[in-house]
Amino acid sequence: MGKKSYEIRIYTTTHMDFELSEEHKILQSEVRKFAQNEIVPVAPKYDASGEFPMETIKKMGEMGLMGIEVPEEYGGAGMDTLAYVIVMEEIAAADAAHSTIVSVNNSLYNHAIMKYGTEEQKKKYVVPVATGEVIGAYALTEPQSGSDAGNIKTKAELSDDGEYYVINGRKSWITSGPVAKYIILFAQTQPELKHKGVTAFIIDTEKEGFIRGKTEPKLGIRASATCEIAFNNYKVPIEDRLGEEGQGFKIAMSVLDAGRIGIAAQSVGIARAAYEASVQYSKERYAFGQPIGKFQMIQQKIADMKTRIEASRLLVYNAAWKKMQSKKTGERYTLEASMAKLFASETAMFVAHQAVQIHGGMGYSKELPIERYFRDAKITEIYEGTSEIQRYVIARLETGLK
Ligand code: CAA
């Protein structure tokens, strides 16, 4: 019997690489410079007044940040999802409200039309938003249906000649609603079919029958304007329907998968800002004759904050990667998006909470941005699906049980 030789093979792969590409590093450094120089100084003013920061949003439009993943032929920057989350983190680290506006334009509005729109719709409705000329929004939530998104009541009835739909109903909590020129709207075309009767439309807010409610006063992200909107016999031409009749709920959900990656990246940005301020403060603030950063109770906070932020960013990059892969594979990235959103948003809240505690009275004061990070962080656990909804989505996908 011959001697059996065992061979150990080492498989190398070029796919596992935690280093950002040169292009991504340049983007990160340019956007960081812009955000720190142009947004940080104005953020407290907009937070206090609740005014929409149109001036900085226009500048971001000129930089391509309102259409990051939109191909250049449609007015965008033609970058990828990793670029999008890098931008979201940098803008959010400067001011969460600005990043909310970036996120809705990019991953809810543009993404919906780029994925489901016709060529004409892309040209007419994506170009002006991707270039930052006008603002886009996304209207799903209604006064009686937040988490239960399939329970919407806004109605869209096809006219007898089949040329247009007549829309009646109300939508609430519409981010960028007070300033949006165009809105992706979800309405019932066959209410008896519940979620299977939902259809998506593109709305021009300058047309008759569109009504804006008052801007909502909010705890955080105060410069990102939010309002209720209503439709009173609003007519939408058939060519402005997005996708097919009855496809709306799936459009809403799949677009939210992309949106949740953006909110996860926003959460990392808020957490990073709160963390960096806390590290600095722990070195400068003395108590009992030494920097507070030397006390174990502060060290524990710093260690937990840093570890959770790093873990969140990895989940965000993983979800962004899965979304990029899905262009080739067609696979959904619902699980990765929900895990990133869940963990990163709870991290943002945890870190902002610890940051206030580390800063003590100064964390509670309006003199520093720490209390703003704390107020802003909370929304990330609520919008684009609460933490409870993310856990529900994850557990259902893992168990297969409904
Ligand atoms: N992608 C594609 N299709 C999806 C999907 C996804 N991610 N998730 C569900 N679907 C499909 C299902 O496959 C199913 O298809 P069939 O009818 O062919 O079987 C259909 O949609 C219905 O799905 P479910 O049975 O899972 O629906 P459900 O009623 O149980 O609801 C839910 C699921 C996860 C709870 C969903 O309603 C949800 O995500 N709720 C939260 C809503 C939300 O996030 N709202 C945020 C508002 S927007 C916002 O916040 C914007 C802002 O301000 C910035």
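The model on screen is a predicted one.

**Around Phe343**

Now extend the selection to residues 334-359. This run is helix H9, and Phe343 lies in it.

Ser387 and Phe343 are 44 residues apart along the chain. Their C-alpha atoms are separated by 8.7 Å.

**The domains**

Colour the chain by domain. Domain 1 covers 22-135, domain 2 covers 138-246, and domain 3 covers 249-399. How far apart do the C-alpha centres of domain 2 and domain 3 lie? The distance is 30 Å. To the contact, domain 2 gives 15 residues and domain 3 gives 13 residues.

**Around Gln188**

Select residues 182-188, which form strand E4, and pick out Gln188. With a relative accessible area of 4%, Gln188 falls under the 20% limit, so this residue is buried.

Which residues is Gln188 in contact with, leaving aside neighbours within four places in sequence? Select these in two groups:

- Gly150, Ile152, Thr154, Lys155 and Ala156 are among them.
- Lys194, Gly197 and Val198 are also in contact with Gln188.

**The whole chain**

Show everything again, as a cartoon. The protein chain has 12 helices and 10 strands. Its C-alpha atoms fill a box of roughly 80 × 80 × 40 Å along the principal axes. For 402 residues, a compact globule would have a radius of gyration near 21 Å, and the 23 Å of this chain agrees with that.

Take contacts between residues at least 6 apart in sequence: 74% of them join residues at least 24 apart.

Switch to a surface view. The accessible surface comes to about 19,600 Å², and carbon and sulfur atoms account for 54% of that area. Of the 402 residues, 54% count as buried.

Finally, colour the charged side chains. There are 50 positive and 52 negative ones. The centres of these two sets lie 5 Å apart.

Definitions and conventions. Residues are numbered from 1 along each chain as its sequence is written. This is a predicted model: local features need pLDDT of at least 70, side-chain atom pairs count only at pLDDT 80 or more; totals for chains, interfaces and linings use all residues. Side-chain values use heavy atoms; hydrogens and water are left out. Helices (H or I, at least four residues) and strands (E, at least two) are DSSP runs, numbered from the N terminus. The radius of gyration is taken over C-alpha atoms; the globule rule is 2.2 Å times the number of residues to the power 0.38. Buried means under 20% relative accessible area, exposed over 50%, partly exposed in between (1.4 Å probe, protein chains only). Contact means heavy atoms within 4.5 Å. Accessible areas come from the Shrake-Rupley method with a 1.4 Å probe; for residues, only the protein chains shown count as cover. Lys and Arg count as positive and Asp and Glu as negative; His and the chain ends are not counted. The place of a charge is taken as NZ of Lys, CZ of Arg, CG of Asp or CD of Glu. Domain bounds come from an automatic or database domain assignment.
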